[in-house]
Each structure stands twice: as C-alpha cells, then as structure tokens.
Amino acid sequence: MERFPRKRLTRCSSSARGVCCWGLLVLASAGCGDSGGREDGSGSGSASESTAATETTGEGSTGATASGTAGSSSGTGSGTTGATGSTGSTASTGSTASTEPTGSSTSEGCGGEASLAFLSPGDEATNPVTISVAATGPIVRVEYLAEGVFPLGESTNPDDGFTVEAVFMTLGPRTIDATGYDACGDPLATASRVTVVSEGGTTGDTNDTGDTGDTMLGDDVCFQGPSNAWDVCFPLVQPGVVDGYDYPPPLDDDPNYRAPLAYIDLGGVDLGTSLAPNFQFNEVATADYGPYVVVQPKAIEHLQNMRNDLGALGIDAGYRNPKHNASLGGSTWSRHLYGDGFDIVPQAATLQALTDRCGSEGATFVQLYEGHVHCDWRGEPVDERFYGPANGGAPEPDPTPWLDAAIVEDGDGYLAPAIGWDEGEPLRTWRALDEEGVVIAEGEGRRFVPPPGAARIEVVVGGRLERAMDR
C-alpha cells in the first residue's frame, strides 16, 4: 500500500484512455476538474512515502509514492487493468521497449522515431526504488505508472535518465510502465519492467522502534471480561528476539507504530476465556502461527460496544505477527500487527451499518470490503504495557492512507481498479447520471454497465474513495 504524489487533475473524458480522477478524496460532485488528492503525506513535485495504503498498509496494497516532476497522470495500458487492481503481473521480467511514433506533428521537437529502455530498477530492488530509462529521439518527458494505472511520478530531466524515486509499501513483484512524450505532449514510446521489491532499511533494533530504550512495562494486562469487571488478566512476557516477530521500523516515526516489547504468551492461556461479554480470546488471536500475541484491551472494548448496538459480530482476523501477516500479503504496517485492527463480519446488520458504527466508535481507519469491514484504531495511543512509553507525539493520522482508485472503460461497462485494500475486494457502489445530473441507475459490484442516456459515471470504492467520469 503506497502513496502517490499530489497532482492537479484536468477534466477527462472517455477519450482520455478511460481513466479519470486519480487524486484521493475527489468528491463526486467535483467531477474530475481541478481537484487535488494526496496519498498519506505526499505532495506535488516530490513525495516522501513516510499509507498507507499504506497498510498501506494500512492496510493497503499496490501503488507507490514518487519524487520527480509532478504533472499529469496520463499513461498507457490502463485498459488491461483488472477490477482487482492487484499487484500480480503477467508482464515478462526484464525491460521491453516499443516505439510509437506519432507521425502527424510538424512542430519542432514533435514526432519522429523514439524508444525507451529501462536502466533501473533491475529484476530485484529495495525501497526506495530508483526508476530511470535510456531514451532516444525527441522525448522530453517520461511518466511512470504502476500496473499500468497508478501514477508513480514523472521527470523532464534527460541528463539523469528521467529518474524518479518511489517507495513501494506493498512488496513483491511490481510492474513499472514508462511512457515517453515529445514537446507537444504526444506519447512516442513505452517500456515495461517487472521488479521484485523488498523492504530496505533495518528492523529488529528496539532503539529504532520509538521507545525510550530504558522502559518499564506492565506485569500483566486486564480485560473487561464477561461481567465488565476488568478482572480477566494475563501476565506479560518479554521474549526478546523471536522468529516471526521482526517488526518494521515505525511508519513516519509514528510511535503508534513502534514494535511491542511485551506480549501475552498463549502457552499459558485458555483461549476460551472471555475477554468481554461476547468475545473470547480465540476469536481475536490464535497460537497457530506463534506463541506471542498483542491484543489491546481498549480495542476489545470498542468491539463490545459495537456488538451491543449491532448484534452478533464475527471476527475474521485479529492479531497477526509480522511473519504470518507477510505470508497473507498484508500491508507492512498492517494494524493487525499492533493488536487494534480487526476484520469484522456482521451477523445481524449490514456491512454499511457496521462501517458507520466503526466510524462512530472512533475508528481511525475503516475499509468496506465485499464480505467484511476492516476497522482499526491506529490513531489512539498504543497500550504502554505492551509497547513501553512513547518517544515523541504521534503525527496527525491521515484518514485515507495508501488508498487510490480509478475508473476505466471495459467494453460497454466500467471497472474501478483500486489499491490499498489488501484483505480482499473493496465494495464498489455505482451511479449513472444523465446530462441534467439526475441519477438514472445504481448498482454494486466490480463491473457496472450504465443505461443509455448516461452522461456521467460515479463510484464509491470501499466506502471511502469517490471517483467520477464524464462520458
């Protein structure tokens, strides 16, 4: 889950390669004109991806942040993007280049033969990833996309190989597409490369986790229990370095992402113990992937409060250690690692009702999927009994880290590929409007076919991002 540079958007139509509204938080009523967006801390021109998704995290999934010369987010290849917007790529490893001379411009510096070939990255890369190409012909600007859809950045500097730098928060195989433009803004050549991205930097040093180094941790931690008496307690242990528990450095130096120093040892726990009136330990943690877990009591209290209002809630996922989370393709900084993030399935309420209730319960981050809702409290200070005292204050949380989406044409219908939803497909809610702005059709699903007379298509992705396209 990655972050993207802030961009100024220009109004687009179906002729603009079927892609519209790249920026985050573009309101449907704003259309695709002059609306800015951000992907967790990034800005125009250069972006430091310090989400998330993002996750990010975040929970998040594909995408990246980039530094370079900011500009339009036009690119090629978006028509082949699937509805899932997944990171998996069918492109061949290595660099390929194709030449697309326009042959129609007579202006100086426009048209003619041109080519692109990747200089970097290679078959493997670590964050931050340096992206550059060798260009021939009258190419004055190169734009880079991830998976053919999501903007990574662009450069107008041929002297350094049109270099940009991107930090990928979702690791593994990533497809990078480059498009070279002439002085008239026409695309002349394209190239693609698949690289396997891994995390740079170091992990496992407790002095880098945001704690003070000399910490006093709790001897035990107590939960509200079946009678709300806060008398269900478990001893805490400090196991030191353990395989599977290698936490990443804090995201953006946020102390809420510091690694835990103490855990509950499940070896001495009855997992049938009730942590709250309607939640047992085995619903939010398991010993299948490691003996140590972090479950924050305040997060369980939030779950119980929501259950009191909505009826029975199933927990699809609770705590995960870093190794297990990575095996599932989770965001590097997923809140499942920190004991305050849960995937919830309502048994007696709608997904939308649960999404709304998570928000009213103070959840900092909520994601609406096709079959569940991810809800976490990353903005609340973590429990010092697990994490020790914080070193510095937490930055203001971004409400939409590591998320992005776009509308693309698909024959007689439309798709909305999305990144940042690393736990499944986000729920997509569509509307079609006529030229007077009247809603003439609505629907849910990965693909939407508007009726005749539709002049505008709008979609809400995961209950968080709004995108629109004028036909």
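Asn228 counts as partly exposed, because its relative accessibility is 44% (buried is under 20% relative accessible area, exposed over 50%, partly exposed in between; 1.4 Å probe, protein chains only). Asn228 lies in the loop between strand S11 (220-223) and strand S12 (232-237). Its phi is near 60°, a positive value in a residue other than glycine. Helices (H or I, at least four residues) and strands (E, at least two) are DSSP runs, numbered from the N terminus.

The model is predicted, so local features need pLDDT of at least 70, side-chain atom pairs count only at pLDDT 80 or more, and totals for chains, interfaces and linings use all residues. Residues are numbered from 1 along each chain as its sequence is written, and side-chain values use heavy atoms, with hydrogens and water left out.

Asp252 also has a positive phi, about 55°, although it is not a glycine. Its loop runs between S12 and strand S13 (263-265). Asp252 is partly exposed, with a relative accessible area of 29%.

## The whole chain

The protein has 471 residues, and 55% of them count as buried. It holds five helices and 29 strands. Its accessible surface comes to about 17,900 Å² (Shrake-Rupley method, 1.4 Å probe; for residues, only the protein chains shown count as cover). Carbon and sulfur atoms account for 47% of that surface.

The peptide bond from Ser120 to Pro121 is cis, with omega near 5°. Pro121 sits in the loop between strand S3 (115-120) and strand S4 (124-126).

Another cis peptide bond joins Asn127 and Pro128, with omega about -10°. Pro128 lies in the loop between S4 and strand S5 (129-136).

## Helix H2

Helix H2 covers residues 297-310, which is 14 residues. At 1.5 Å a residue H2 should span 20 Å, and its end C-alpha atoms are 20 Å apart, so the two values agree (the expected span is 1.5 Å times one less than the number of residues).

Which residues of H2 are buried? They are Pro297, Ala299, Ile300, His302, Leu303, Gln304, Met306 and Leu310. An α-helix has 3.6 residues a turn, so residues three or four places apart point the same way. After H2 comes Gly311, with a positive phi near 90°.

## His372, a buried loop residue

His372 is placed in the loop between strand S19 (365-368) and strand S20 (373-376). Is His372 buried or exposed? His372 is buried, because its relative accessible area is 8%.

The side chain of His372 makes a polar contact with the side chain of Glu423, at 3.4 Å. Such a contact is a pair of N or O atoms within 3.5 Å; within protein, one must be able to donate a hydrogen and the other to accept it, and residues adjacent in sequence count only if both atoms are side-chain atoms. Leaving out residues up to four places away in sequence, His372 touches Asp316, Asp343, Ile344, Val345, Leu351, Gln367 and Glu423 (contact means heavy atoms within 4.5 Å).

## A three-stranded sheet

Strands S22, S23 and S27 form an open sheet in the order S22-S23-S27, with antiparallel pairing (two strands pair if DSSP finds at least two bridges between them). Strand S22 (408-410) and strand S27 (447-448) stand at the edges. Each has a single partner strand, so one side of each is left without a neighbour in the sheet.

S22 runs antiparallel to strand S23 (residues 413-415), and three bridges join them. Glu409 has Tyr414 in S23 as its bridge partner.

Another open sheet has four strands in the order S26-S25-S28-S29, paired in the antiparallel sense. Its edge strands are strand S26 (439-444) and strand S29 (465-470), each pairing on one side only. Neighbouring strands of this sheet are turned by 15° against each other on average, direction ignored (axes are lines fitted to C-alpha atoms, for helices over the stretch in contact; angles run from 0 to 180 degrees between N-to-C directions).

Strand S28 (residues 456-461) pairs with S29 over six antiparallel bridges. Val461 stands opposite Leu465 in S29. Glu458 has Ala468 in S29 as its bridge partner. S28 and S29 form a hairpin with three residues between them. In the turn, Gly462 has a positive phi of about 60°.

How many of the six residues of S29 are buried? Five are, so far as S29 goes a mostly covered strand.
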